Amino acid sequence: MTDRAQRPAIEGWLVSDPARPRLLGTRCTACGTYYFPPQSSACRNPDCRSRSFEQVELSERGRVWSVTSAGYAPPPPYIAPDPYVPFTLVAVELERERMVVLGQAVSGTQPRDLRVGDEVELAIETLCTIDGEDHLIWKWRPVAAGAKTSDEVTSSTEAGA
Amino acid sequence: MSGVAGQAADGRGVVVLGAGMHPWGKWGRNFVEYGLVAAQAAIDDAGIDWRDVQFVAGAATVRNGYPGYVAGSTFAQALGWTGAQISTSYAACASGSQAVNSARAMILAGLCEVALVVGSDTTPKGFLKPADGERWDDTDWLRFRLLGMTNPAYFGLYARRRMDLYGATEADFAQVKVKNAAHGLGNPYARYRKACTVEDVLASPMVADPLRLLQICATSDGAAALVLCSEAYARRVAGARPAVRLTGLATTTPTFPQTTIEMPEFATDSAAALAPPARGFKESIADEAYRQAGVGPEDLSVAEVYDLSSALELDWYEQIGLCEPGGAEALVRDGVTALGGRVPVNPSGGLACFGEAVPAQAIAQVCELTWQLRGEAGDRQVAGARVGMSINQGLFGHGSAVILTR
């Protein structure tokens, strides 16, 4: 990280401390349904009429549901660096919450580094810098033991083709 | 209402009397122009006069200012105000079929005998993106801002999951594009009429791994229109042409908890409190259309499915019941879904050859099925087509399926 001023890219969705990254959700106090992004207006379980929620920290580890990449710069309002560097996106299954949460993978992760079922954990990185201030976002980082190298994945793909 | 829609013996079913389109392309003109061409083609195809139309259902476009938000009125004015009843529907990619459903409901309720449905769009270049401005409470705006999550990125997730779960290959996905490109070669309404090879597809730039540029549908200008009428009206005007009936139309919402990540969400519903439904969202759209029409997947002669990406077409094979999960790759490898196969899928060329003109697309799917069931589809005709399904899906829990029978 740098000496620049830092702030979460959005308020109330994450703990942006790189030493202790967390996603903030809500949980219905009546039926136990989790929500991310956090919402506290009304429970969406059609059998539950609760309007009572508690803030919760979501699981900081999960397993890859799937993975893809952004080969071209996404359009605004995404703030893309110039020159553009493609990044990887991951959908992650959280076991306790029984939900899938999206996020970018940490910088340098290639989509073929990850496979469905691999373990990943939360991390914090800079999404963009606006007026000299770093806007921090949650990302998913491969857990070393579960990750394969690009070479291994490439060779297994070719073997299956 | 099992089996009643379109099949009632009391003459209160719904018949597709006319179909018309404006060719898809990137014409850069006002969307009303295209809609007018499609509407007049559908009216002429029906063999009626504009003054005969009692109800106009427009499918809205959100990219063309106020006239697009009030599309029903816009098209009625362009055709010349006659005092007809109007409605406008917006439902993302299902806008066209919701407009069809408005017309069907009016006819089934006995509130009108003949209705016109029109959808048209003029689209910008590149990724579909949210409107300008900062909207920190709009999920669709936030997914671009915080994740850079475009629509093709969601398609990429689905495609990659097929590879890891079912052993699908990039060549399988490319084969879908090759098939659809071959289907659309002779379709005068298609934008892209060029054959391609698996090698061409795999040489195009990566957009959303494992999907490449030639596997992701473009955005297009285009318009489609239908004339729907009651059975009794059709008997009076239709002559000897075989009657094509609209026997099923579903606009089903997801069922909580929806456990597949869908545009534009950051997360799925949580299944911590309630188990996921036995049938997923897209399966349930098809189920409802089958139920209304009183047919099943085994009855299909032809299908038009929403191939926003080549790999998504394979998901649809399973979701409409052509095979079990994991079986779709075999269908495309064996030519089952190519013209000449057991169940041709996207004989029009699909979105691969059209690109997407959002409010027109679901209507265009029904136009193609109408021509297929009449035997008027030329060199892309599915021999002896009697039952056709179209199905699509869009943002925010929208989806639709239509079944036509003859």
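Which residues in α1(B) meet which residues in α3(B)?

## Helices α1 and α3 of chain B

In this predicted model, V32(B), G35(B), L36(B) and A39(B) are the residues of α1(B) that meet α3(B), and their partners in α3(B) are T74(B), F75(B), A78(B) and L79(B). By class, this contact of α1(B) with α3(B) holds 6 nonpolar and 2 polar residues, with no charged residues.

Helix α1 spans residues 31-46 of chain B and helix α3 spans residues 71-79 of chain B, and their axes cross at roughly 70 degrees while coming within 10 Å. Because angles of 65 to 115 degrees count as roughly perpendicular, α1(B) is described as roughly perpendicular to α3(B). The crossing in which α1(B) passes α3(B) is right-handed.

## Helices α4 and α14 of chain B

On the side of α4(B), the contact is made by S95(B), G96(B), S97(B) and V100(B), whereas α14(B) contributes V358(B), P359(B), A360(B), Q361(B), A362(B), I363(B) and V366(B). The residues of this contact of α4(B) with α14(B) comprise 7 nonpolar and 4 polar, and no charged residues are found there.

## Helix α11 of chain B

Helix α11 of chain B, residues 310-319, is largely enclosed by the rest of the structure, because 10 of its 10 residues are buried. Just after α11(B), G321(B) adopts a positive phi of about 90 degrees.

## The contact between chains A and B

Between the two chains, 38 residues of chain B are in contact with 43 residues of chain A. On the side of chain B that touches chain A, the elements giving two or more residues are α5 (139-147), α6 (151-166) and β5 (206-208) of chain B, and the largest share, 7 residues, comes from α6(B). The residues on this side of chain B divide into 23 nonpolar, 8 polar and 7 charged.

## Domains of chain A

Chain A is divided into domain 1, which covers 5-11 + 60-160, and domain 2, which covers 22-58. The contact between these domains takes 7 residues from domain 1 of chain A and 5 residues from domain 2 of chain A. On the side of domain 1 that touches domain 2 of chain A, the residues divide into 5 nonpolar and 2 charged, with no polar residues.

Key: Residues are numbered from 1 along each chain as its sequence is written. Chains are lettered from A and ligands numbered from 1 in the order in which they are written. This is a predicted model: local features need pLDDT of at least 70, side-chain atom pairs count only at pLDDT 80 or more; totals for chains, interfaces and linings use all residues. Helices (H or I, at least four residues) and strands (E, at least two) are DSSP runs, numbered from the N terminus. Ala, Val, Leu, Ile, Met, Phe, Trp, Tyr, Cys and Pro count as nonpolar, Asp, Glu, Lys and Arg as charged, and the others, Gly among them, as polar. A residue is buried if 20 or more other C-beta atoms lie within 10 Å of its own, exposed if 12 or fewer, and partly exposed in between; C-beta atoms are placed from the backbone. Axes are lines fitted to C-alpha atoms, for helices over the stretch in contact, and angles run from 0 to 180 degrees between N-to-C directions. Angles under 35 degrees count as roughly parallel, over 145 as roughly antiparallel, 65 to 115 as roughly perpendicular and the rest as oblique. A crossing is left-handed if the near helix is turned anticlockwise from the far one by less than a right angle, and right-handed if clockwise. Domain bounds come from an automatic or database domain assignment.
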